[in-house]
Amino acid sequence: MDSVIDKAFAAALYGDGDEGLDTGASLLAATPDADADLRRRGEEYLTRAWRNGWQPADVLRLVRRDLEDPHVRLAASLIHTETARYAHLPPRWAPQLADIGPTEEPAQDRFSRATTHLQLYRLLLRLPPLEPVGPPPGEALPAPAEGEPRTLTRIRALLAKAEATGYPEEAEALTAKAQELMARHSLDEALLAARTHAKDVPAACRIGVDAPYETAKAILLDAVAAANRCRAVWNEAYGFSTVVGFEPDLEAVELLHTSLLVQGTAAMTKAEAQQRAGGRKRTKTFRQSFLMAYAHRIGGRLADAGEHAMTEAAAEGESRAALLPALAARDVAVTDRAERMFPETTTTRVRGVTDGEGWAHGTAAADRAQVAPRGRGPALP
């Protein structure tokens, strides 16, 4: 049996053409006794991927992008089986596994089923090592605190309401309040760590940046990360950004980026409908320009909101002289961790912003999603 598996893999996994895949699939289709070992080999490829820094969401994102639905369902089934054998899973894996989707493999004839396995395994075999953003599965970790901080629960609820409402003014106010809570939560955590001399160190997480318009989405994520005292590094080839920061700030980045992307996409869809109603056809350039303007404008407003939260904290009794050193120390720690993780990064020139109306509509949408409290402090530009 092993010789059949080995011959099939040798023919199919180390080339790019279909001839080797057909040869390997034919061998496997003719050998039903090899099915269990074929599946076990897939689980072994996943085990190696986890050791090389990959996580379930990363793998599934790549499979969805590069292969078809049968491969996605097979990958989900293998991940479900492989991860079930660990006594301990990293903290961020639970929501990834909860969102894994259907784990039932599709009904296929034996040749098609073998081909699906081999195409997926070819992709898994070629996954390069990634900079780890957490421990691999199986390592015992300190027991997490029960539930999440009350502030994050409130932030999550505010953003959910902002995404659901059909009224821009209400979404604006809800998002503003959420960002105010995020900024203040970050300040409180920094001061607490400074006073108690806590040994907290920056962590990291990955956030998917999916096509289409991935450049604009990556810029929006970078803006949200910077405003929340984090650093984001985009890996365009594999469709994600790695965000480095302290845990409370990483939570804020994940929540706010997702919400702003949902709100921005809804505003873009509405703007397109208005354009079509006026007899003007809108294209990919409109959507690209819209999202780029949205990301650019949001970045400026988030930065101002962070400064506003710090001013409020000082007005409520926290000394700016105490706040600044505490925040500076955390900024240095985040920058150091990011540079050690990614010693070689490059900048990319942004192209494709050619639709003036798309830019204007995107800027207006970002203004409606403003992130400073209304009626408190100076108006933002």
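This report describes the fold, the helix packing, the salt bridges and the cysteines of one protein model.

The model is predicted, so local features are given only where pLDDT is at least 70 and side-chain atom pairs only at pLDDT 80 or more, while totals for chains, interfaces and linings use all residues. Residues are numbered from 1 along each chain as its sequence is written, and side-chain values rest on heavy atoms, with hydrogens and water left out.

## Overall fold

The protein has 14 helices and three strands, where helices (H or I, at least four residues) and strands (E, at least two) are DSSP runs numbered from the N terminus. Of its 381 residues, 46% count as buried; here buried means under 20% relative accessible area, exposed means over 50%, and partly exposed lies in between, with a 1.4 Å probe and protein chains only. Among contacts with a separation of 6 or more, 79% are between residues 24 or more positions apart, a contact being heavy atoms within 4.5 Å.

The C-alpha atoms of Asp-18 and Thr-115 are separated by 9.8 Å, although the two residues are 97 residues apart along the chain.

## Packing of the helices

Helix α4 (residues 56–66) has Pro-56, Asp-58, Val-59, Leu-60, Arg-61, Leu-62 and Val-63 buried. The buried residues of α4 pack against the helices α3, α5, α6 and α7, and also against the strands β1 (203–208) and β3 (240–245).

Helix α5 packs against α7 at an angle of about 75 degrees, with the axes 10 Å apart; axes are lines fitted to C-alpha atoms, for helices over the stretch in contact, and angles run from 0 to 180 degrees between N-to-C directions. The two helices are thus roughly perpendicular, given that angles under 35 degrees count as roughly parallel, over 145 as roughly antiparallel, 65 to 115 as roughly perpendicular and the rest as oblique. On the α5 side the contact is made by Pro-70, His-71, Leu-74, Ala-75 and Leu-78, and on the α7 side by Thr-116, His-117, Gln-119, Leu-120 and Tyr-121. By class, this contact has six nonpolar, four polar and no charged residues, where Ala, Val, Leu, Ile, Met, Phe, Trp, Tyr, Cys and Pro count as nonpolar, Asp, Glu, Lys and Arg as charged, and the others, Gly among them, as polar.

Helices α3 and α5 also pack at an angle of about 75 degrees, with their axes 9 Å apart, and are therefore roughly perpendicular to each other. Here Arg-39, Gly-42, Glu-43, Leu-46, Thr-47 and Trp-50 of α3 meet Leu-74, Ser-77, Leu-78, Ile-79, Thr-81, Glu-82 and Thr-83 of α5. The contact of α3 with α5 has five nonpolar, five polar and three charged residues.

## Salt bridges

The count comes to 19 salt bridges, a salt bridge being a side-chain nitrogen of Lys or Arg within 4 Å of a carboxyl oxygen of Asp or Glu. Among them are the following pairs.

| Salt bridge | Closest N and O atoms |
|---|---|
| Arg-113 with Asp-35 | 3.9 Å |
| Arg-41 with Asp-37 | 3.6 Å |
| Arg-92 with Glu-247 | 2.8 Å |

Arg-92 lies in the loop between α5 (69–83) and α6 (93–98) and Glu-247 in helix α11 (residues 247–277), so this pair ties together parts that are 155 residues apart in sequence. Glu-247 is partly exposed, with a relative accessible area of 37%. Salt bridges that share partners join Asp-35, Arg-39, Glu-43, Glu-105, Arg-110 and Arg-113 into one network.

Arg-113 is partly exposed at a relative accessible area of 24%, and Asp-35 is partly exposed at 23%. By contrast, Arg-41 and Asp-37 both lie in helix α3, four residues apart, about one turn of the helix, and both are buried.

## Cysteines

A search of the whole structure finds zero disulfides, a disulfide being a pair of cysteine sulfur atoms within 2.5 Å. Cys-205 is in no disulfide, and the nearest cysteine sulfur, that of Cys-230, is 7.7 Å away, which is too far for a bond. Cys-205 is buried, with a relative accessible area of 1%, and Cys-230 also counts as buried, at 7%.
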